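Me: I have a structure to go through. Can you walk me through its aromatic pairs and its core?

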Amino acid sequence: MTVTTEAATGTAAAVDDRPMTHRQVMEALSGLLLGLFVAVLSSTVVSNALPHILTDLHGGQSAYTWVITAALLTLTASTPIWGKLSDLASKKLLLQIALVIYIATSALAGLSQNTGQLIACRALQGIGAGGVVALGQICLAAMVPPRERGRYSGYFGAVFALATIGGPLIGGVIVDTSWLGWRWCFYVGIPFAIAAILVIQRTLKLPVVKRKAKIDYLGALVITGAVSLLMIWITLAGKNYDWLSWQTAAMVGGGLLLGALAVVIERRAAEPIIPPDLFKYRTVSLAALASVLVGVGMYGATTFLSQYFQLARDKSPTTAGLMTLPMILGLALSSTVAGRLITKYGRWKAYLVSGTALLAIGFGLLGTVRADTDYTLLSVYMAITGIGLGLTMQNLVLAVQNTVPRHELGAASSVVTFFRTMGGAMGVSALGALMNNKVTHYLTENLAAAHIPAGGAVGGGGIPDLHKLPAPIVPLVTDAFGHGVGMVFLFAAPFALLAFITVLFIRETALKTSQQG
């Protein structure tokens, strides 16, 4: 099969592969960042709106889990496939296709009449979002050499922070605005996605030649199956069945078996989706492991801080989003500043080491928070965590991109995103189960100390509506959630510490100053 790829060779390279000017890069980057914003927004904007959505569609707790998980699952599973396709076909065209998928599925999600339709649309939406997230980084790598990439990758970190932590705020404002309604959580990104397609068409110019390639469909299928089975297990374990159960044995065993089969298939494939040879590079292997550990922190921070402000401090969805601004600003500023410094001096490992160290410290400090923790102190803790994330996320991708040959940029870049998202999805589910356990434990203790019967006090163990609870019970519930969320961050801190230890072993190499190799 003949496909188109942006790997200019021979005489054409002299004409088509000339470095883009700063203005040209910024123009193209504006379209990539628009796409990245709406793709990440699709995963976070529904978090504060879900209670309203499920009330309207008559959904239960299982639907609550699957509306989030369906998109995250397909986003994770599709990332390496998009990455490999970008090494075989036009990156620009693939990115536009991913945006079209996002637009169509977002519109359908907003028109859903029941939870089954919504979950199906969210699964398809995750495929489009996965393509946009992966391909944005890959297009940037094709546009500028590693030495110059730092100054631009900082913008990716800033937009990622804005969409990840600002998503719940936007969703909260939408559901709090009577003339909009929850369906606009899905419609809100469509205009931005359309604008991204138009800007990318006009500004993104990458060299193109023809190349014969064979797409590894079997490998894609088996990898998707392995990831899906493990993610479904981690999402449902502790809720639908015990962690130690026959379901766990079957799903974990099946996932590992499919993973082993995928390794065999990928070793024999002419064009593997995840080339096993990538892991011969020490930097790629260590960055993949660190990405899993950082993913736990990144997704955990946004998920549980939102719950903390709403359930431990009794804030509205809109206010809860505003109160996370210290983390947003810390992530955005550190990502941007570090990117510029990396471009200026060509050194990057120090930012990875200091970033993971700050992330571990930030999580440890957040582990001490309770419902009555002073907000000024809490702001400092959030800022430290945000700075740690900003110094780490994009620079793991940069380290990998600087290591591999140009023809494997797409697959290598998507590997980092793939492991980070998978770590986040699994971490959020496991930490969420831990939080539910801790909140139940502390609430039971509080009710016993107050001599209040536990049965039915907070509505059967679901997420409580603080405004509908009897006044004497509210402070007992907020205290339990404050303590429970604090324990979650305390348990997350060792993951960040392991990420710190992992990046210590990454060998720093000089950033390449050209796109050759």
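**Aromatic pairs and core**

Reply: W184 and Y187 both lie in helix 8 (residues 184-187), three residues apart, about one turn of the helix. Helices are DSSP runs of H or I with at least four residues, numbered from the N terminus. This is a predicted model, where local features need pLDDT of at least 70, side-chain atom pairs count only at pLDDT 80 or more, and totals for chains, interfaces and linings use all residues. Residues are numbered from 1 along each chain as its sequence is written, and side-chain values use heavy atoms, without hydrogens and water.

Me: How many aromatic pairs are there by the rule?

Reply: The count is seven, with rings of Phe, Tyr and Trp (its six-membered ring) paired if their centres lie within 6.5 Å; planes under 30 degrees apart are stacked, over 60 edge-to-face, the rest tilted. F37 and F192 form an edge-to-face pair, 6.0 Å centre to centre with 65° between the planes.

Me: Which helices do F37 and F192 lie in?

Reply: F37 is in helix 2 (residues 22-44) and F192 in helix 9 (residues 190-203), so the pair ties together parts that are 155 residues apart in sequence.

Me: F37, buried or exposed?

Reply: F37 counts as buried, at 14% relative accessibility. Buried means under 20% relative accessible area, exposed over 50%, partly exposed in between (1.4 Å probe, protein chains only). F192, at 35%, counts as partly exposed.

Me: New topic. What is L32 in contact with, leaving aside its neighbours within four places in sequence?

Reply: Its contacts (heavy atoms within 4.5 Å) include L95, M143, F156 and L204.

Conventions: Helices (H or I, at least four residues) and strands (E, at least two) are DSSP runs, numbered from the N terminus.
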